[in-house]
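Please open the model in your viewer and keep the selection panel at hand. The stops below say what to select next and what is to be found there.

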Amino acid sequence: MALTPAASIDAFFETPKITCALTYTRLDVQRIIASVQDGAAGATAIFIGTTRNSFKGKTVTRLEYQAYSSLAIKTMSTIAQNAINSASRPQQQLPHPESSTVPPIIKCAVHHRLGTVPIGEPSIVIAVSSPHRKEAFIACEEILEEVKRKAQIWKREYYEGEDENEAAWKANT
């Protein structure tokens, strides 16, 4: 059993519009979706990234994630706030009459697993609520790509038939 690095710990950040979490516990997809629900939301976009069973012709047995949690949670919250700000710009808005009273992004949640994530289990869940689908989809994808690009989270892939000590740490791209 691998030791957990001191910097790779559970972390949580919350504001009225944003929830971010890094956790060693299994992600509760329905709870995450419920956390962004709102009466003004006509759309909820959801991304669920799961551990797949193969990569480049190799059989994957599991993934392991570690993070510099105190920095990664700040990075994730900044990314979510930037997505909200980006959607709020006039050129990003669709011409909906209620746009002046309801923000384009109502709430967003970004939850990422740490530790071992078996095949088929979620490693990241992103949920975004909005009055309209376009803004929700755009923000959800923006958050995903930026988390993969910027958050201080690394993964280790384990392959069938290979020495576990040879498994390499990779950027979470």
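Begin with helix α3, whose buried residues pack against β3, α2, β6 and β8; here contact means heavy atoms within 4.5 Å, and helices (H or I, at least four residues) and strands (E, at least two) are DSSP runs, numbered from the N terminus. This is a predicted model, in which local features need pLDDT of at least 70 and side-chain atom pairs count only at pLDDT 80 or more, while totals for chains, interfaces and linings use all residues. Residues are numbered from 1 along each chain as its sequence is written, and side-chain values use heavy atoms, with hydrogens and water left out.

Stay with α3 and colour its buried positions, which are E135, A136, A139, C140, I143, L144, E146 and V147; buried means under 20% relative accessible area, exposed over 50%, and partly exposed in between (1.4 Å probe, protein chains only). The helix has 18 residues and reaches 25 Å from its first C-alpha to its last, close to the 26 Å expected at 1.5 Å a residue, the expected span being 1.5 Å times one less than the number of residues.

Next, show the side chain of E146, which counts as buried at 18% relative accessibility. E146 forms a salt bridge with R149, the closest N and O atoms being 2.7 Å apart, and the side chain of K150 also meets E146 in a salt bridge (2.8 Å, N to O); the term stands for a side-chain nitrogen of Lys or Arg within 4 Å of a carboxyl oxygen of Asp or Glu. R149 is exposed at 57% relative accessibility, whereas K150 is partly exposed at 46%.

Now select the open sheet of 5 strands, which has the order β1-β2-β6-β8-β3 and mixed pairing; two strands pair if DSSP finds at least two bridges between them. Because β1 (11-14) and β3 (43-50) stand at the edges with a single partner strand each, one side of each is left without a neighbour in the sheet.

The buried residues of α2 pack against β1, β2, β5 (58-67), β6, α3 and β9 (153-159).

Within α2, pick S77. Is S77 buried or exposed? At 10% relative accessibility S77 counts as buried, and S77 touches F13, I18 and C20, residues up to four places away in sequence not being counted.

As a last stop, select R62 and E164, whose side chains meet in a salt bridge (3.1 Å, N to O). R62 lies in strand β5 and E164 in the loop between β9 and β10 (169-171), so the pair ties together parts that are 102 residues apart in sequence. E164 itself is partly exposed, with a relative accessible area of 43%.
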